[in-house]
Amino acid sequence: MSTPDADGLLAEQLLRLTRRLHRSQKRQLEWAGMAITPAQSRLLRTVAHFEEPPRMADLADRLEVVPRAVTSLVDGLEAGGRVRRVPDPTNRRVTRIELTDTGRTTLRTLRDARRAAAEDVLAPLTAEQREVLAGLLSTLVDSPGPRC
């Protein structure tokens, strides 16, 4: 049975591991010559998961942020040629966000950097240990969490 101190230590270890993973991914992106913030990369991945180009409000809802935050992120990604604003074909008052070819290339680079960072962090584990860890993390990620 876990104690509050053990749970606190585990939480600290998870945070440290997450920071290490982020640092490793950041290094991978720097080596690839890619200047993109974590928030921009998250928005880019989110845009890619929609069936059709999403509205700004769709992105804000999915990312659980205020619409103004999405506007700033889209501005930065658009300046880098990774996304573009396009008019909605059925409602001219609505603007949608679509990936550009540069955005798709950026996503591939992000995936490669994430994969390399994971390999770096997980290198000490055997294949069996990685499988166990994946199962445990899936259980935690998929659990409903506390009700507030």
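**Entry 1: terms and ground rules**

I start with a definition: helices (H or I, at least four residues) and strands (E, at least two) are DSSP runs, numbered from the N terminus. The model is predicted, so local features need pLDDT of at least 70 and side-chain atom pairs count only at pLDDT 80 or more, while totals for chains, interfaces and linings use all residues. Residues are numbered from 1 along each chain as its sequence is written, and side-chain values use heavy atoms, with hydrogens and water left out.

**Entry 2: the whole chain**

I looked up the elements and found six helices and two strands in the protein chain. Along the sequence I read the pattern α-α-α-α-β-β-α-α.

Next came the overall dimensions. The C-alpha atoms fill a box of roughly 60 × 40 × 25 Å, taken along the principal axes. The radius of gyration of the protein chain is 19 Å, whereas a compact globule of 148 residues would have one near 15 Å. That radius is taken over C-alpha atoms, and the globule rule is 2.2 Å times the number of residues to the power 0.38.

How much of the chain counts as buried? I noted 26% of the 148 residues. Here buried means under 20% relative accessible area, exposed over 50%, and partly exposed in between (1.4 Å probe, protein chains only).

**Entry 3: the largest pocket**

I turned to the pockets and wrote down how they are found. On a 1 Å grid over the protein atoms alone, a pocket is an open set of points with protein on both sides within 12 Å along at least five of seven lines, whereas a cavity is a set where a 1.4 Å probe fits but cannot get out; lining residues have an atom within 4 Å of a point. Grid points are joined across faces, edges and corners, and a volume is the space filled by probe spheres set on the points.

The largest pocket holds about 360 Å³ of space. Its lining has 13 residues, and Leu-17, Leu-21, Leu-122, Leu-133 and Leu-137 lie nearest the centre. Helix 1 (4–31), helix 5 (101–122) and helix 6 (127–142) are the elements that each give two or more residues to this lining. Which helix gives the largest share? I found that helix 1 does, with five residues.

I also sorted the lining of the largest pocket by class: nine nonpolar, two polar and two charged residues. For these classes, Ala, Val, Leu, Ile, Met, Phe, Trp, Tyr, Cys and Pro count as nonpolar, Asp, Glu, Lys and Arg as charged, and the others, Gly among them, as polar.

**Entry 4: the second largest pocket**

I noted about 300 Å³ of space in the second largest pocket. It is lined by 15 residues, with His-22, Gln-25, Leu-29, Pro-38 and Ser-41 closest to its centre. Two or more lining residues come from each of helix 1, helix 2 (38–49) and helix 5. Helix 1 gives the largest share of this lining, six residues. By class I found six nonpolar, four polar and five charged residues in the lining of the second largest pocket.

Gln-40 sits in helix 2. Is Gln-40 buried or exposed? I count Gln-40 as buried because its relative accessible area is 13%. Not counting residues up to four places away in sequence, Gln-40 touches Leu-73, Gly-76 and Leu-77 (contact means heavy atoms within 4.5 Å).

Glu-64 is in the loop between helix 3 (56–63) and helix 4 (67–79). Its phi is near 60°, a positive value in a residue other than glycine. Glu-64 counts as exposed because its relative accessibility is 73%.

Asp-101 lies in helix 5, and it counts as exposed at 56% relative accessibility. From Asp-101 to Val-65 I noted 36 residues in sequence and 26 Å in space, C-alpha to C-alpha.
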